[in-house]
Amino acid sequence: MLTGMVCAHATSPVKALLERIDKGASQRFVIEQKSGDRDFFELDYQDGKPVVRGNNAISIATGINWYLKYYAGIHLCWGNMQAKLPAVLPEVPSTERHETDMKLRYDFNYCTHSYTMAFWDWNRWEEEIDWMVLHGINMPLCATGMGSVWRNVLLKCGYSKAEINEFVAGPAFQSWWLMNNLEGWGGPNPDRWYDSQMKLQQRIIKRMREWGIKYVLPGYSGMVPANAREKLGLKVADPGKWCGYRRPAFLQPEDPAFARIAALYYQELTRLYGKADYYSMDPFHEGGNVQGVHLATAGKAIWQSMKAVNRNAIWVIQAWGACPYDEMIQALPPGDMVVLDLFSESRPQWGDPHSSWYRKNGFGQHDWLYCMLLNFGGNVGLFGKMRHVADAFYHAKESRFGQTLKGIGLTMEGSENNPVMFELLTELPWRSQRFNVDGWLQGYLKARYGKVDPKVDKAWRLLANSVYACPASSVQQGTHESVFCARPSMHVYQVSSWSEMKDYYQPMEVIKAAQLMTEVADSYKGVRNYEYDLVDIVRQAVAEKGRMVYAVLQAAYKAHDQQLFEATARRFLHLIMQQDRLLSTDPLFSVGRWIGDARRMGITEQEKDLYEWNARVQVTTWGNRAAADEGGLHDYAHKEWSGLLRDFYYKRWQLYLAEVHNRLCENQPKKIDFYAVEESWTLQHNHYAEQAIGDPVHVAKEVMIDILH
């Protein structure tokens, strides 16, 4: 039943979305579009059907998700985007309305496109677009298919295909190429990859246009190949190296070629993907050397090139470290830039004086978004600043910088983890006033599981007050990393080079929460969200136990207690294998899914092997020997995944502990070349299961008994 107020172009994607959620669902809702000065949705009930009203298709989809969560007890999330709706859809007792002046809701870090999306096909992208609109996202970064743009540009500049392939990065490393950090690593890419990614991007954009999504396309930031001075005679600046990799060069704006190449870039971008209202440019990202560059001139040249293709276009730029430089953006007109305050929850740059990255004047006259980074490297682990994320958002709104705050952003490096934190962030724009986050959590749990047991409530209160209560002042890069994933030594603390993690919670509280979740798990058997969370929480408990056992290993080594060391080493290695067994019960925690997606991207065996190598390298060594060891990139994107635990982390620790045992026996220890050990795994092609192995409830209960005794 549709009213006369309904516009077909708005309801068509909504109806299709409902059908993907549950066949026949589009006939069970009344969908109404109404005009409004601000984005809004309303929930109502008439003639036995829920009514969802909104000012556009995305607002309506957000309202549908709100209804499903808070009335029907259905939580749609990664890995669980379909549901069986109840026979009778619950009544909305009185009209419920939510509106927002946060008109921009952004999604994706550049890194997300590599750490999570490198090997996605259209089916997975369709699910993600559904997730986005259900959560109110209207401004995602669309960075797929940029290789085709650059290939066409460089061919017209006189580069050969072979030379272009030395410039364009492989599928798992596209993000850092697009951010001007490296070139060529992970390639060369076959012609078929360029074409398939172009077609995928066109399909993604077509669907986003149907929804009215204002997507962000990578614009021209001044990047040219590092050999552009020699090859083309261009006047360029050398931004230096990034983690051992040579960066692309920066084309000086004083060179007349800047405008010419920028115009050529936008011509190809527009020909393939159309014009956009937002373009993302991040010159000098993450430590790029600006010596010899007149920043104000550079900013103006980048801005003018964008405006030449679309006079209404807006520059989207990431606030990360020293970027964006004030000199580069301060003279640009207000309204022509949106700054993503990339790490608002920990290192805000919008003007908070308590921040270690404090900017006294924030971003000046420019609009900005409150963003949550949360996850670095796509690492697996429970983590968050649950109460602080909400409090800091309202604090920013109420500050003098709130006048230029235009929305929120999900800027995670890796996705498909910690759903509770992303659910919280995406609701903030629709909640006009501060609210009790503890009370919100109860509503979330009821939606996520369909019901809440007192033990489940207690388990999550333990988590909310421990691992999800990272202090506001902490700047650690994501989760408290699992010692299982570290390059072995007798002084391991963090895994990745830049973690900055510190102890801030009691591990036994996490273990107790896991125990409570297993005690009632039988009553939630078959509830997909519960089983995922059960595996994840027990995984965290095993990781905590592993760190405790590792401390005993350290003590035994220092005491030269050979017997204790041998027993503890066996226990430590056993825990790694138990972790692998547990995680094999859920495909979202499997390296098999990651590698399987990579191989499916290829047609020939050579292509499949290239993509598998990309997948394996990214989550282990990340780079070549120099980048991994001297550049510090090894294990940056480590994952607690089944398959990876038993064949990579276990074997690395097993080898190391055997050598330490030799030292205790006063034999001459052998120095281990860890990169060589790690590289051998990246070159293999052994098969890993993509489907669940074992029952998650049964295995989780057995693993908990093991770690408690």
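Reader: What follows H5, and what is its phi like?
Author: Helix H5 is followed by Gly158, whose phi is positive, near 105 degrees. Helices here are DSSP runs of H or I with at least four residues, strands are E runs of at least two, and both are numbered from the N terminus. Keep in mind that this is a predicted model, where local features need pLDDT of at least 70, side-chain atom pairs count only at pLDDT 80 or more, and totals for chains, interfaces and linings use all residues. Residues are numbered from 1 along each chain as its sequence is written, and side-chain values use heavy atoms, with hydrogens and water left out.

Reader: How many residues of H5 are buried?
Author: In H5 (residues 146-156), 9 of the 11 residues are buried, so the helix is largely enclosed by the rest of the structure. Buried means under 20% relative accessible area, exposed over 50%, and partly exposed in between, using a 1.4 Å probe and protein chains only. Trp150 and Arg151 are among the buried ones.

Reader: And what covers them?
Author: The cover over the buried residues of H5 includes helix H8 (191-211), helix H10 (257-273) and strand S7. Contact here means heavy atoms within 4.5 Å.

Reader: S7 is a strand, then. Which sheet order does it belong to?
Author: The order is S6-S5-S17-S16-S15-S14-S13-S7, an open sheet of 8 strands with parallel pairing. Two strands pair if DSSP finds at least two bridges between them. S6 (139-140) and S7 (216-218) are at the edges with a single partner strand each, so one side of each has no neighbour in the sheet.

Reader: How many bridges join S5 and S17?
Author: There are 4, in the parallel sense, between S5 (residues 104-107) and S17 (residues 405-410). Asp107 stands opposite Leu410 in S17.

Reader: New topic! Which residues touch the most others in the largest nonpolar core?
Author: Trp460 and Trp622 do, in a core of 260 residues. A nonpolar core is a set of buried Ala, Val, Leu, Ile, Met, Phe, Trp, Tyr and Cys residues joined through side-chain atoms within 4.5 Å. Helix H18 (residues 528-558) gives the largest share, 12 residues.

Reader: What does Trp460 contact?
Author: Beyond its neighbours within four places in sequence, the contacts of Trp460 include Val420, Tyr468, Met517 and Ile537.
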